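Me: I have a model open and would like to learn how to read its features one at a time. Can we go through it together?

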Amino acid sequence: MMSSTAPTSREAARVRSRQLEAELHRDPGRFRVLTGDRPTGPLHVGHLFGTLANRVRLQDLGVEVMVLIADYQTITDRESPATLPADVLGIVADYLAVGVDPGRATIFAHSQVEQLNQLMLPFLSLVSVAEVARNPTVKDEFASIGREAMSALMFSYPVHQAADILFCHANLVPVGADQLPHIELTRTIARRFNDRYSPERPYFPEPEGLLSQAPLILGTDGAKMSKSRGNAIALAASEDETARLIRRAKTDPEGQITYEPDRRPEVANLVLLAALCLQRSPEDIAAEVGSGGAASLKRLLTDALNERLRPLRQRRREFADDPAYLRGVLAAGTNRAREIAAATLGDVRELMHNAY
Ligand code: ATP
Ligand code: MG
């Protein structure tokens, strides 16, 4: 269930992420970021440390950031619920609360950008069924939803994600480790499109993933923290709810707290979360708690997380009280995304001899 990416490719992505950090500081103008989330529920602590904090940091470095609400991805494994409009606005509130600045970043939902979706057609022609079927993240996600049949959209959503990334020529994608196989497929699609239709001058970039220090935050049950697994601590959760969720988080029977991610993943996850909140090293946190054991670690984490999230939660409440403003942010982002997508689709039609 937890093996979305092989440890070797995750390690390679980590090494490459460190090189990318140096390049980002040297020349932020060379990069365009696209990244996003499914509106399947409120964003959680795994998003914050896995990708949201990175998005804001990149934005503040001067990188152009496109943030996508992947609403068509909700119907990969469920019906489109009547709560979707409220869920989407909730995610916009989450973004603004963590510091995404709508004056600089573009926030949009992909169902609103027709030309983006049309790219999925040529992209589907560039990959084989066997290649799409191999995707380990899709297999994990399918296993976790406990359904008998996989929808054809779930099967092919990584190709749709390639359209999300490439429509705006993004070359950098800050993600959690579960997304690395999708980025690999996007690179394949970009390369094949270029080879086939634009061999002289590559048209699409081959985007790279950017991992944070916490590419796989675990939930209260010890599996990847996910909105749809019921194991998440939402950014918007109350302080009491946060305390309750952390109290019931899975640990192990050893009394002494140590930081050993491979041998003791659940304990290490709690230590890492505390370290990220307090901006200290995980080893330092583990040494401080020591023989205090899991109960003491959980108390420390609860205080640290509630403290870290307090200003964010306050801002989120204010934004959530102003849905008209949130809709305006989304409308402005949609307009900009549509302009970009129209230009890309025009180029793609030219390159593919579809312009008559
Ligand atoms: P769902 O259960 O609906 O799939 P999710 O919690 O997995 O929701 P997504 O919207 O699928 O969230 O993922 C959005 C982004 O957040 C992706 O870049 C993903 O890698 C990252 N992310 C999600 N969960 C985690 C996590 N537990 N740790 C680190 N990054 C994460
Ligand atoms: Mg997911």
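**Reading a bent helix**

Reply: We can begin with a bend: helix 2 has a kink of about 45°, centred on Thr-51. Keep in mind throughout that this is a predicted model.

Me: How many residues does helix 2 have, and how far does it reach from its first C-alpha to its last?

Reply: The general idea is to set the end-to-end reach beside the expected span. Helix 2 covers residues 45–61, which is 17 residues. From first C-alpha to last it reaches 23 Å, close to the 24 Å expected at 1.5 Å a residue.

Me: What comes just after helix 2?

Reply: Gly-62, which takes a positive phi of about 105°.

Me: Where does the kink in helix 13 lie?

Reply: At Arg-310, shortly before the proline Pro-311, with a bend of about 45°. Helix 13 runs over residues 293–320 and has 28 residues. Its reach is 38 Å from first C-alpha to last, close to the 40 Å expected at 1.5 Å a residue.

Me: Now the ligand. Which residues come nearest to ligand 1?

Reply: Start with the list of surrounding residues, then look at single atom pairs. There are 22 residues around ligand 1, and those that come nearest are Thr-40, Asp-178, Lys-224, Lys-227 and Ser-228.

Me: How much of the accessible area of ligand 1 does the protein cover?

Reply: Ligand 1 has 600 Å² of accessible area on its own, and the protein covers 96% of that.

Me: Next, aromatic rings. How many aromatic pairs are there?

Reply: Rings pair if their centres lie within 6.5 Å. By this rule there are seven aromatic pairs. In one of them, Phe-193 and Tyr-203, the ring centres are 6.4 Å apart and the planes are at 50°, so the pair is tilted.

Me: Where in the chain do Phe-193 and Tyr-203 lie?

Reply: Phe-193 is in helix 9 (residues 180–197), while Tyr-203 is in the loop between helix 9 and strand 5 (208–211). The pair therefore ties together parts that are 10 residues apart in sequence. Both residues, Phe-193 and Tyr-203, are buried.

Me: How is the pair of Phe-193 and Phe-204 arranged?

Reply: That aromatic pair is edge-to-face, with 5.0 Å centre to centre and 65° between the planes. Phe-204 is in the loop between helix 9 and strand 5 and Phe-193 is in helix 9, so this pair ties together parts 11 residues apart in sequence. Phe-193 has 0% relative accessibility and counts as buried; Phe-204 is buried too, with a relative accessible area of 2%.

Me: Which residues do ring pairs link into a cluster?

Reply: Phe-123, Phe-193, Tyr-197, Tyr-203 and Phe-204.

Me: What is the phi of His-353?

Reply: Near 65°, a positive value in a residue other than glycine. His-353 lies in the segment after helix 14 (323–351), and it is exposed, with a relative accessible area of 62%.

Me: Last, a distance across the model. How far apart are the C-alpha atoms of Met-154 and Asp-284?

Reply: They are separated by 42 Å, and the two residues are 130 residues apart along the chain. Met-154 lies in helix 8 (residues 152–166) and is buried, with a relative accessible area of 2%.

Key: Residues numbered from 1 in each chain as written. Chains lettered and ligands numbered in written order. Predicted model: local features only at pLDDT ≥ 70, side-chain atom pairs only at ≥ 80, totals over all residues. Heavy atoms only, no water. Helix = DSSP H or I, 4+ residues; strand = E, 2+ residues; numbered from the N terminus. Expected span 1.5 Å × (residues − 1). Bend = angle between axes of the 7 residues up to and from the residue. Near = heavy atom within 4 Å. Areas by Shrake-Rupley, 256 points an atom, 1.4 Å probe, with all protein chains shown as cover. Phe/Tyr/Trp six-rings, centres within 6.5 Å; stacked < 30°, edge-to-face > 60°. Buried < 20%, exposed > 50% of the residue type's maximum accessible area, 1.4 Å probe, protein only.
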